[in-house]
Amino acid sequence: MKKPVYKNIYSDLEDGGERAKVAEREWKALCLDLETRDLMTDQRKRIVDRLVRERVEYEFLFPIAIKAGHVNKGPKGGEFVNLHWSALQRTKDQILKLEEALRLTVDRVAAPTGKTEKKTKASKYLGRLGPN
């Protein structure tokens, strides 16, 4: 798969030039990371493209959603969820799924805790009993 031409993809948008620059930056960074870890394949390039587009959308939607807040006031005084905020959350969820597909997320289980437990006779005995 060839690198997408983000300038053409975002050309119809008012802020298309800015979006294309962000997309180019993200594409280069992601591809460099995958290539250095020897994980780059054509399928992963497609996933990188989707991830780049989601990240660009998130970056440009975030200021709009934050400015408006989580909840909007209706004309009759009621409250309703800000649709920009909802879209931002869905985009964030999609980004996480794509990052996991590319193995970009840090495994929480493998992360060191920095704390080593000292073994005592009591802890050895209790360890033999197994979990409750």
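Q: Which residue does Glu24 form a salt bridge with?
A: Glu24 pairs with Lys3, and their closest N and O atoms are 2.9 Å apart. Keep in mind that this is a predicted model.

Q: Where do Glu24 and Lys3 sit in the chain?
A: Glu24 belongs to helix H2, while Lys3 is in the segment before H1. The two are 21 residues apart, and the pair links distant parts of the chain.

Q: Is Glu24 buried, exposed or partly exposed?
A: Glu24 is partly exposed, because its relative accessible area is 22% and buried would need a value under 20%. Lys3 is partly exposed too, with 37%.

Q: How many salt bridges are there?
A: The count comes to ten. Some of them form a network that links Arg25, Glu26, Arg55, Glu59 and Glu99.

Q: Let's switch to Arg19. Where is it, and is it buried or exposed?
A: Arg19 lies in helix H2, which covers residues 16-36. Arg19 counts as buried because its relative accessibility is 12%, and the cut-off for buried is under 20%.

Q: What is Arg19 in contact with, apart from its sequence neighbours?
A: Leaving aside neighbours within four places in sequence, Arg19 is in contact with Tyr10, Leu13, Val56, Glu57 and Phe60. Val56 and Phe60 are themselves among the buried residues of H3.

Q: Tell me about H3, then. What span should it have, and what does the model give?
A: Helix H3 runs over residues 42-68, which is 27 residues. At 1.5 Å a residue it should span 39 Å, and its end C-alpha atoms are 39 Å apart, so the two agree.

Q: Where is the kink in H3?
A: The kink is at Leu61, shortly before the proline Pro63, and comes to about 35°. Leu61 is also one of the buried residues of H3.

Q: Which other residues of H3 are buried, and what covers them?
A: The buried set includes Arg44, Ile47, Val48, Asp49, Leu51, Val52 and Ala65. Their cover includes helix H1 (6-9), H2 and helix H4 (83-101).

Q: What comes just after H3?
A: Gly69 is there, with a positive phi of about 90°.

Q: Zooming out, how many helices and strands does the chain have?
A: There are five helices and two strands. From the N terminus on, the order is α-α-α-β-β-α-α.

Q: And how much of the chain is buried?
A: Buried residues make up 26% of the 132 residues. The chain exposes about 10300 Å², with carbon and sulfur atoms supplying 55% of that area.

Q: Last one: what share of contacts join residues at least 24 apart?
A: That share is 56%, counted among contacts between residues at least 6 apart in sequence.

Key
Residues numbered from 1 in each chain as written. Predicted model: local features only at pLDDT ≥ 70, side-chain atom pairs only at ≥ 80, totals over all residues. Heavy atoms only, no water. Helix = DSSP H or I, 4+ residues; strand = E, 2+ residues; numbered from the N terminus. Buried < 20%, exposed > 50% of the residue type's maximum accessible area, 1.4 Å probe, protein only. Contact = heavy atoms within 4.5 Å. Areas by Shrake-Rupley, 256 points an atom, 1.4 Å probe, with all protein chains shown as cover. Expected span 1.5 Å × (residues − 1). Bend = angle between axes of the 7 residues up to and from the residue. Salt bridge = Lys/Arg side-chain N within 4 Å of Asp/Glu carboxyl O.
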